[in-house]
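Subject: A two-chain model to look through

Hi there,

Here is the structure I promised to pass on to you. Please open it beside this email, so that you can find each place as you read.

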Amino acid sequence: MLNSTLSELAGALARRSISSVELTRLCLERIARLNGALNAFITVDAERSLREAGAADERRAAGRAGSLTGIPLAHKDIYCTRGMLTTCGSRMLANFVSPYDAHVVERFAAAGTVLLGKTNMDEFAMGSSNETSHFGPAKNPWDTARVPGGSSGGSAAAVAARLAPAATGTDTGGSIRQPAAFTGVCGLKPTYGVVSRYGLIAFASSLDQGGPIAKSAEDLALLMNVMGGHDARDSTSLERAAEDYTRELKAPLAGLRIGLPREYFGAGIAPAVLARVREAIAWFEARGARLVELELPNSRLAVPVYYVIAPAEASSNLSRFDGVRYGHRTRDYADLADMYCRTRAEGFGAEVKRRILIGTYVLSHGYYDAYYLQAQKVRRLIARDFAEAFGRCELIMGPTAPSTAFALGANRDDPVQMYLNDIFTIPAPLAGLPALSIPCGFDAAGLPVGLQLTGNHFTEARLLGAAHRYQQETDWHRRVPAATPL
Amino acid sequence: MSWEIVVGIETHAQLATRSKIFSGAATAFGAAPNTQASAVDIALPGVLPVLNGAAVECAIRFGLAVGGTINRRSVFARKNYFYPDLPKGYQISQYERPVVAGGSITLAGGDLQKVVRLTRAHLEEDAGKSLHEDFHGMTGIDLNRAGTPLLEIVSEPELRSAAEAAAYARAMHALVRWIGICDGNMQEGSFRCDANVSVRRAGDPLLGTRCEIKNLNSFRFLEQAIAYEARRQIEILEGGGRIEQETRLFDPERNETRSMRSKEEAHDYRYFPDPDLLPLVLSEAQIERIRGTLPELPEAMRARFVRDYGLSEQDARTLTADRALAEYFEAVANAAKDRKAAANWVMGEVLARLNVADATADQSKVKPPDVAALINLVADGSINLGTAKKLFDERWNAPRALDISVHDEVVVRDLGQLSDASVVARLVDEVLAANPKSVAEFRAGKDKALNALVGQVMKASRGKANPAQVNDLLRRKLQG
């Protein structure tokens, strides 16, 4: 049961072969047993979960159940949840209970899903390893000496270890896809504006996008049917008709043009990653897809552009954490400036401070044009590269990350090396494009490798369809880490 | 060599919208602290701003009224600084692309006739309030005002005296109320001005170093502060010193400005486009729709009053000082037979009482048709002016508006002017007979004694006699 996909679980619930309470209890027991080692959850509230599960069972009994009613899932601790801690992985919000629910949380509650708890993450989503979490890093279930990736590492680890059937994440520069790749699960970053950011604690507003993490592409589609859609409370939420993200799951692969950017297959990529990705691409070619060699010349600038824009926005977004109205406030202070300094010095970790400093610097008088404005110009060039590429292909494939999961602490003292981990995931959010990662095999150490599919705006359904076809004939996504047997 | 004063004004007009600029919370003044602060206003984690279309409409109205350019695309930017009553740690404002660019306003009054150009007008949100008094050793924060929509209106540095600056502020105050985008309540902070003041030698093409003066919450303070500041700067320069660019605060109790922060202490606001808000894009149709709802503007109305009602320039200016008064006058003038009398009544009886009551013309208990009726009754001799003023006074002081019309009241209370000459003559004779002392005094050359006799006759007629007729008759009888 724990290795079942959402549609399998939904079927079991509909047939009454299991109740939501029973299913939720299975997950809670597994969390209780394994979370100590994995640290995937920051907060678990079993009583609340079982109460919600009971309500879901009643709803089903009353004949008012939707397709996902009664399915337990976890939210990344960046989504505000009423009546439960929302820490964003930070000491700053270690005791923060939101008085309101995020849009995504509301949507899932309305669909009748059961909240298992809040998952671990890099502090304020700033990190690629989960090591910047105030609550200690989540561990990779495939090897607990390794990172699960980040920032949605807790959600990815929870799904990989089958603690939760699915989870939400957020992606700013790869925070859904890279952990999905590192833990052998699936993750989708939708087109910017498809999932409302209301109630999602902002890191970099022009890049942040919520998305699902699950065991299969089909599951991602089912979750997107709940998460996606217009929300008037987010001015960047797009006013589009509701979509059925499962509609292209059965679309044929024949004739599909797959773009292979030369930049995604160059130096610096682990050989095993390159080999697994090429094998997956060959699988698609064998089923009638056509491969198109192309170039994304400006994508080499994506990492530096990202590390100007994201910190700039973050430096402003995080100003509200000042100790005045909520969150951490230092105990002793001499005056207002001292209160601000101590509160923020104590409340934020080193990586968050580093990015606030970078962001403050690039927005400063005399530097704005050279950094922020220049970065915005290059951002447009990166987007234009993609627009041209999508004239020649329907989707772009490549590795999600240049390596498999690295060891805890390996990049701790080298932020630039850490940042380079996101070299393949950063371009899509800069261009606002949808992209997903699915598992496509393992390296010699038994660590999962992720295949990234990037599409043009609003082509989530097509990406999910291609991924689903692949998963119909492969079982990488059904593999369970040996350390966390079923 | 003489000095020239150079002033530019920044005005913050609070827009008369029901809800805040980026949240649905109410904007009413005077609510208990923090009861009108929503999750967005408090800046809880994860909340997002949504632009209030009514505030945009106000900005467009203003832009059209001053003949400015309505930018089809404007951008909201974040102005970053830390302060406890600024919940997000940044203010959402407009920086490089404001919604309104250019435009002008005409100052007129006395000898002054001047067109002042505007630099821009942009939308932004207000901050909350820090309350330092009520909390021992602590500061209270009230976020009710946080997120209140403001239009910041920036003039070119074209004002050349404190008086001109005050005239500008008054004209701007009248205009924003005229077009209904701001209630203009300066006590409640709905209309606030900052002044940028510098001085230079007459004829110098370059501007001097300026100081910004804040906290000018009345026209009088604005004028006093600028006059003081100009004197201060001139004294420094004449003493061989230099002006430091700084922000200064006006202290009305000492009638002086004090340094608040120097240029070195000035914030680097790190403006950048707010990624939570899309650029504000306006269509031609939307702008034209709003143009269609604009009232006739004061300049146009003033010209029309001179042309159509034969008013003097000065009277027309007085009557177009605010829209309610202008509309009141026009209603009276259109119903009254005597337009000059209409102007005199509205500028006299009506405006005097409105000023005492600190009320606007639309709040007057005596409505325009009643004033017109009084004017007409006087004009056709039905009542005398004294009766008319008495009736006006009674109506003004009545606890509530009277149901009875002026005409009916005159009939019911038998207040009609005594027109029967024989009755008036009899009353005159009686009064002359009863007041030999006054008669003697008048005959001895004391002209004032006549007034006493007129008063006696008026009293005997219960105010209904025509005073001019009485005067005439008395003179004839006494001199005859």
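Predicted model: local features only at pLDDT ≥ 70, side-chain atom pairs only at ≥ 80, totals over all residues.

Residues are numbered from 1 along each chain as its sequence is written, and chains are lettered from A and ligands numbered from 1 in the order in which they are written.

**Domains and the two chains**

Chain B is split into domain 1 (3–289), domain 2 (296–412) and domain 3 (421–479); such bounds come from an automatic or database domain assignment. Taken over C-alpha atoms, the centres of domain 2 and domain 3 of chain B are 32 Å apart.

Where the chains meet, 26 residues of chain B are in contact with 34 residues of chain A. Contact means that the C-beta atoms of two residues, placed from the backbone, lie within 7 Å. On the chain B side, the elements that give two or more residues are helix H1 (39–42) and strand S4 (76–80). Helices (H or I, at least four residues) and strands (E, at least two) are DSSP runs, numbered from the N terminus. The residues on that side of chain B are 18 nonpolar, three polar and five charged. Here Ala, Val, Leu, Ile, Met, Phe, Trp, Tyr, Cys and Pro count as nonpolar, Asp, Glu, Lys and Arg as charged, and the others, Gly among them, as polar.

**The cores**

Which residues have the most contacts inside the largest nonpolar core? They are B:Ala59, B:Phe62, B:Leu151, B:Ala165 and B:Ala195, in a core of 218 residues. A nonpolar core is a set of buried Ala, Val, Leu, Ile, Met, Phe, Trp, Tyr and Cys residues joined through C-beta atoms within 7 Å. A residue is buried if 20 or more other C-beta atoms lie within 10 Å of its own, exposed if 12 or fewer, and partly exposed in between, with C-beta atoms placed from the backbone.

Helix H3 (residues 162–178) of chain B gives the most to this core, 11 residues. Another core, of 34 residues, lies apart from it and includes B:Phe329, B:Val332, B:Ala342 and B:Ala388. In soluble globular proteins, nonpolar side chains tend to be buried together.

Not counting residues up to four places away in sequence, B:Gly386 touches B:Gly463 and B:Pro467. B:Gly386 and B:Gly463 are 77 residues apart along the chain, yet their C-alpha atoms are separated by 7.4 Å.

In helix H15 (residues 449–460) of chain B, the buried residues are B:Leu453, B:Val454, B:Gln456, B:Val457 and B:Met458. These pack against helix H13 (421–434), helix H14 (436–443) and helix H16 (467–479) of chain B.

**Backbone details to look up**

Most residues other than glycine have a negative phi, and most peptide bonds are trans. A few places depart from that:

- A:Arg16 has a positive phi of about 65° and counts as exposed, because it has 10 C-beta neighbours inside 10 Å.
- A:Cys88 has a positive phi near 55° but is buried, because 35 other C-beta atoms lie within 10 Å.
- The peptide bond from A:Gly150 to A:Ser151 is cis, with omega near 10°. A:Ser151 sits in the loop between strand S3 (114–119) and helix H5 (153–160) of chain A.

Enjoy exploring, and write back with any questions!

Best wishes
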